[in-house]
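Reader: I would like to go through a model and ask what stands behind the words used for it. Please give the value each time, and then the conclusion.

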Amino acid sequence: MKEFDEAFERIIQNLNFQLKAYDGVTQLIAKIKQRSIGLPGSEDDGTSCDTGLKGVGKEAGLLTVKGRYGRDIEKELPQWDVWEQWLKVVPGIGPVLGAKLILLFNYKFVAICQKCGEDLEKTEGAMICTGCGESSKDDGVLKYRLSQRDFPTISKWWAFMGRHTVDGNMPKRAKGVVANWSTPGRTLGFHIGDQFNRQKEDHPYKAFMLSRKAKHQKNHPDWSKGHVHNAARNEAVKLFLSHFWHVSRTLAGKPVSDPYSGVIMGHTNIVKPFYFAG
């Protein structure tokens, strides 16, 4: 990865913008498709009521825009070694998922007060300045400064991604309490797990998921199919995240521990990052 300077900061900020725009267009397409179902003349096959086009209908232009953002995201990723030397060859981890992982792992976008320039602290329902104590409620669009993240252990990385356990379960949001884990990170983990589940059985992360399913079915016959699937998917995601932590820090020249599922996940064998030759 390049040094963190002004030029590279612009690249990071631009990548973050492209990802947000990509997600925004994706959500808009989904809403348009959902709303168009009830229009007069709509068909189950996706025929648009006023264009006669099959499938995409009014979303055609938006799909083009989404594709452009996707290509722009992919063009930026060679700036990061973890993409070039690992992520891009992991089936199921495309440019969008890879870019989100890289940003979440390496960078923090800190909202700043437009009155005094100090950091804003998130509270339930408001952003309060740590300097002047004022709320940012009427400040309009927030401004951000960029800082670097560091996760010295796998467990801290898991916790940030919402994959730690509280009383034996993944944590849930509570009313009136600001969560100490990342909601986008938790969501990203679900998407990664779903991508692995779509792979063939010889895909190593899919194979790991299937092995965990079999073990849970044997040890917990009272669990529902959904419970078994969710538990196995979560373990596959945690294994992948531990591999991402290991590869990222290895390439950055930072100290690492073995990316094992042994002591942490109850296995006896070290599971090294799949697809990584380092």
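Reader: Where is the place of Phe-160?

Author: This is a predicted model, and in it Phe-160 sits in helix α5.

Reader: Why is Phe-160 called buried?

Author: The cut-off for buried is under 20% relative accessible area. Phe-160 has a relative accessible area of 13%, so it counts as buried.

Reader: Which residues does Phe-160 touch, not counting residues up to four places away in sequence?

Author: They are Leu-104, Arg-149, Phe-151, Trp-181 and Ser-182. As for distance along the chain and in space, Phe-160 and Gly-185 are 25 residues apart in sequence, while their C-alpha atoms are 7.3 Å apart.

Reader: How many helices and strands does the chain have?

Author: There are eight helices and four strands. In sequence order the pattern is α-α-α-α-β-β-β-β-α-α-α-α. Of the 278 residues in the chain, 37% are buried.

Reader: How do you know that the span of helix α7 agrees with what its residues should give?

Author: Helix α7 has 16 residues, 204-219, and at 1.5 Å a residue these should span 22 Å. The end C-alpha atoms of α7 are 22 Å apart, so the two values agree.

Reader: Which residues of α7 are buried, and what covers them?

Author: The buried ones are Pro-204, Tyr-205, Lys-206, Phe-208, Met-209, Arg-212 and His-216. Their cover includes α6 and α8.

Reader: What makes a set of residues a nonpolar core?

Author: Its members are buried nonpolar residues, such as Leu, Phe and Trp, joined through side-chain atoms within 4.5 Å. The largest nonpolar core here has 48 residues, and those with the most contacts inside it include Trp-80, Trp-86, Leu-87 and Trp-157. Helices α1, α3, α4, α5, α6, α7 and α8 each give at least two residues to this core. The largest share, nine residues, comes from α8.

Reader: Which residues does Trp-157 touch, not counting those up to four places away in sequence?

Author: Trp-157 touches Leu-101, Leu-104, Phe-105, Phe-151, Leu-241, Phe-244 and Trp-245. In general, nonpolar side chains in soluble globular proteins tend to be buried together.

Reader: How many residues line the largest pocket, and what is its volume?

Author: The largest pocket has a volume of about 1,600 Å³ and is lined by 45 residues. Lys-20, Leu-104, Arg-149, Ser-182 and Pro-184 lie nearest its centre. The elements that each give two or more residues to the lining include α1, α4, β1, β2 and α5. The largest share of the lining, nine residues, comes from α1.

Reader: Into which kinds do the lining residues divide?

Author: The lining of the largest pocket has 22 nonpolar, 11 polar and 12 charged residues.

Conventions:
Residues numbered from 1 in each chain as written. Predicted model: local features only at pLDDT ≥ 70, side-chain atom pairs only at ≥ 80, totals over all residues. Heavy atoms only, no water. 1 Å grid on protein atoms, 1.4 Å probe; cavity = no way out; pocket = protein on both sides within 12 Å on 5 of 7 lines; lining within 4 Å. Points joined across faces, edges and corners; volume = space filled by probe spheres on them. Nonpolar A, V, L, I, M, F, W, Y, C, P; charged D, E, K, R; others polar. Expected span 1.5 Å × (residues − 1). Buried < 20%, exposed > 50% of the residue type's maximum accessible area, 1.4 Å probe, protein only. Contact = heavy atoms within 4.5 Å.
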